Amino acid sequence: MAAKIEVKKLGGPLGAEVGGFDPCKPLDAANVKAINDAFLDHLVLRFRDMPMTTVQLRDFSARFGVLRPHVAKNYRDAAVPEVVIMTNQDAQGNYDKVGAERGVGWHVDGTYLQESPKATMLHAVALPDRGGNTAFANMYMAYDTLPEALKRRAEGKLAVHRLRGRKHHTQGIVGGDDLQKMGTVIHPVIRQHPETGRKALFINPHHTLNIIGLSQSESDEFIDEVCAWGARPEFQWEQQWQVGDTIMWENRCAWHSGRDDYPKNQLRKFFRTSLFEFGAAAAA
Ligand SMILES: [Fe+2]
């Protein structure tokens with residue numbers, strides 16, 4: 001008998017827990033649609049206590065989008081390149097500052113790509129005994145409540161994005177020639193969601209570089225003002241991780257940020273996939 005998908009809202013401005021199915025077994029089309037509908041309604045889904053291997057996460061993720069290997073080659077899983085290993089320790093068990101700090105601070109994944117990923121899945125494999133939550137913020141709500149004067153300034157504006165944005169020259173997960181090869185791309189500051197039709201704030205605190213038609217100082221002021229609005233606490237919900245949790249989050253209408261407040265001598269490790277829209281052109 002087919003699984004019966006259960007969706008329970010988590011009580012914040014975004015987020016729902018989805019159960020009643022096994023992600024490691026084949027899902028029929030009706031259940032894939034039920035999960036995707038819940039994703040469009042709640043922006044962030046949690047699948048609790050469903051341990052997966054890298055292969056199982058890849059196959060489950062592929063039901064909801066096209067998978068592509070991440071631009072950061074060093075952290076790809078050797079056997080399953082569509083899966084990134086997110087970890088705070090290197091192969092020798094030493095603290096890896098670059099790996100540990102990726103994902104800390106509000107951002108959206110991959111907007112330095114012309115076709116940026118619709119969603120990300122993150123699966124908890126090992127966790128420290130405290131801290132290290134991931135926070136999410138609802139960018140439909142940020143747009144809907146944007147003060148009128150700021151909304152008028154934001155409408156119609158186009159933003160330039162590149163990896164690490166205004167901090168392009170700082171150390172990160174991509175460096176050297178690979179970083180040099182990555183150019184800039186343009187996205188609207190207010191973006192219509194391709195599936196729901198709703199408008200969302202689409203500025204990216206990490207990867208937005210400047211606004212077309214504004215000087216760098218005017219851009220900085222505008223970006224900082226819009227980002228401060230997007231970071232208001234009333235738009236947020238926070239995931240407290242358990243091993244075996246998988247979170248599927250929106251990159252078209254939500255921000256996320258990892259918290260860097262856990263004991264650094266303890267392993268924190270996740271498997272991650274990036275999901276692109278079906279039928280869209282190949283990434284730049
Ligand atoms: Fe991220």
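**Contacts of V226.** I looked up which residues V226 touches once its neighbours within four places in sequence are left aside, and I found L150, A154, L201 and I203; here two residues are in contact if their C-beta atoms, placed from the backbone, lie within 7 Å. I note that this is a predicted model, in which local features need pLDDT of at least 70 and side-chain atom pairs count only at pLDDT 80 or more, while totals for chains, interfaces and linings use all residues. I count residues from 1 along each chain as its sequence is written.

I placed V226 in helix α7, residues 216–230, where helices (H or I, at least four residues) and strands (E, at least two) are DSSP runs numbered from the N terminus.

**Helix α2.** I then turned to α2, residues 54–61, and listed T54, L57, F60 and S61 as its buried residues. Looking down the axis of α2, I saw these buried residues fall within an arc of 130°, so they line one face of the helix; the arc is that of the directions from the helix axis to the C-beta atoms. As a reminder to myself, an α-helix has 3.6 residues a turn, so residues three or four places apart point the same way. I recorded β4 (66–67), β6 (119–126) and β16 (269–276) as the strands against which the buried residues of α2 pack.

**Two domains.** I found the chain divided into domain 1 (6–137 + 234–276) and domain 2 (139–230), with bounds that come from an automatic or database domain assignment. Their C-alpha centres lie 22 Å apart, and 22 residues of domain 1 are in contact with 25 residues of domain 2.

**Whole chain.** I noted seven helices and 16 strands. The radius of gyration, taken over C-alpha atoms, is 18 Å, close to the 19 Å of the globule rule for 284 residues, so the chain is as compact as a globular protein of that length; the rule is 2.2 Å times the number of residues to the power 0.38.

Methods
Buried ≥ 20, exposed ≤ 12 C-beta atoms within 10 Å, placed from the backbone.
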